[in-house]
Amino acid sequence: MKAPEAVIFDMDGVIFDSERLYMQCCKEAAEIYGAENIEDTVMKCIGVNTENTLRIYREAYGEDFPLDDFWHEATSRFAQKAHGGLLPVKNGAEEILSYLHEKKIPVALASSTKTETVIRELKAAGLYGYFDIIVGGDMVSVSKPRPDIFLLAMEKLGRKPEECTIIEDSYNGVRAARAAGAYVIMVPDIAQPDDEMKALADIILSSLVEVKNKAFDESGIPLRL
């Protein structure tokens, strides 16, 4: 099988160090509105789109829970702390993107976040130009762990699944990447790999720095380690 010819990144938790910030904002909102076990609930939401996130909250806290107020509180705090969209960039993100750009390796971003938000956040961080393709969560009808968002990214890249490497951090993202048929690199963020993730991911690396140093050959082609 020939080497993969494209790389697809998730955004939150991979490109941006945003998941810890989101968790903190949800914890602060939970104290106001009495949402118990919020960390467990938020962990289930990582990697999914807004619609499914709200569904998970409703299932956890019931129809009487003031979800609209909670959601507004959490997202407003997130926006304020992120300084208008300027999220902290993960260590090694710009280095690996610059490297792949230099080597002319096609790169896509596939995020459950809405496309408009994805573009705004990437532009604010100065990273937008590194991506050939952007696929946001509002461009597909179903969210991760279904593979649709990655399959659409592959279609737009003009690549088959076996020609793609996907870099993900979340459980739902890894599940979606495996279902899409790509080579899967997990770079854990707040969700550390369990036995399921160790079975689904082809390799687990600690950071994007390690991915760049270990997962690509001298031409920038992703390796199957």
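**View 1. A179 lies in helix 8, residues 171–180.** Helices (H or I, at least four residues) and strands (E, at least two) are DSSP runs, numbered from the N terminus. The model is predicted: local features need pLDDT of at least 70 and side-chain atom pairs count only at pLDDT 80 or more, while totals for chains, interfaces and linings use all residues. Residues are numbered from 1 along each chain as its sequence is written, and side-chain values use heavy atoms, with hydrogens and water left out. A179 has a relative accessible area of 49% and is partly exposed; buried means under 20%, exposed over 50%, and partly exposed in between (1.4 Å probe, protein chains only). The C-alpha atoms of A179 and K214 are separated by 24 Å, and the two residues are 35 apart along the chain.

**View 2. Strand 4, residues 164–168, is mostly covered.** Five of its five residues are buried. C164, I166 and E168 point one way from the strand, and T165 and I167 point the other way.

**View 3. Strand 4 pairs with strand 1 and with strand 5.** Two strands pair if DSSP finds at least two bridges between them. Strand 1 (residues 6–9) is parallel to strand 4, with four bridges, and V7 stands opposite T165. Strand 5 (residues 183–186) also runs parallel to strand 4, again with four bridges, and I166 stands opposite V184. From strand 4 the chain crosses through helix 8 to strand 5 in a right-handed β-α-β crossover (with the strands pointing away from the viewer, the path from the first strand over the helix to the second runs clockwise).

**View 4. D10 forms a salt bridge with K144.** A salt bridge is a side-chain nitrogen of Lys or Arg within 4 Å of a carboxyl oxygen of Asp or Glu. In this pair the closest N and O atoms are 3.0 Å apart. D10 lies in the loop between strand 1 and helix 1, and K144 in the loop between strand 3 and helix 7, so the pair ties together parts 134 residues apart in sequence. D10 is buried at 5% relative accessibility, and K144 is buried at 2%.

**View 5. D189 forms a salt bridge with K90.** The closest N and O atoms are 2.8 Å apart. D189 is buried, with a relative accessible area of 2%. D17, R20, K90 and D189 are linked in a network of salt bridges.

**View 6. E196 and R175 meet in a salt bridge.** The N to O distance is 2.8 Å. E196 lies in helix 9 and R175 in helix 8, so the pair ties together parts 21 residues apart in sequence.
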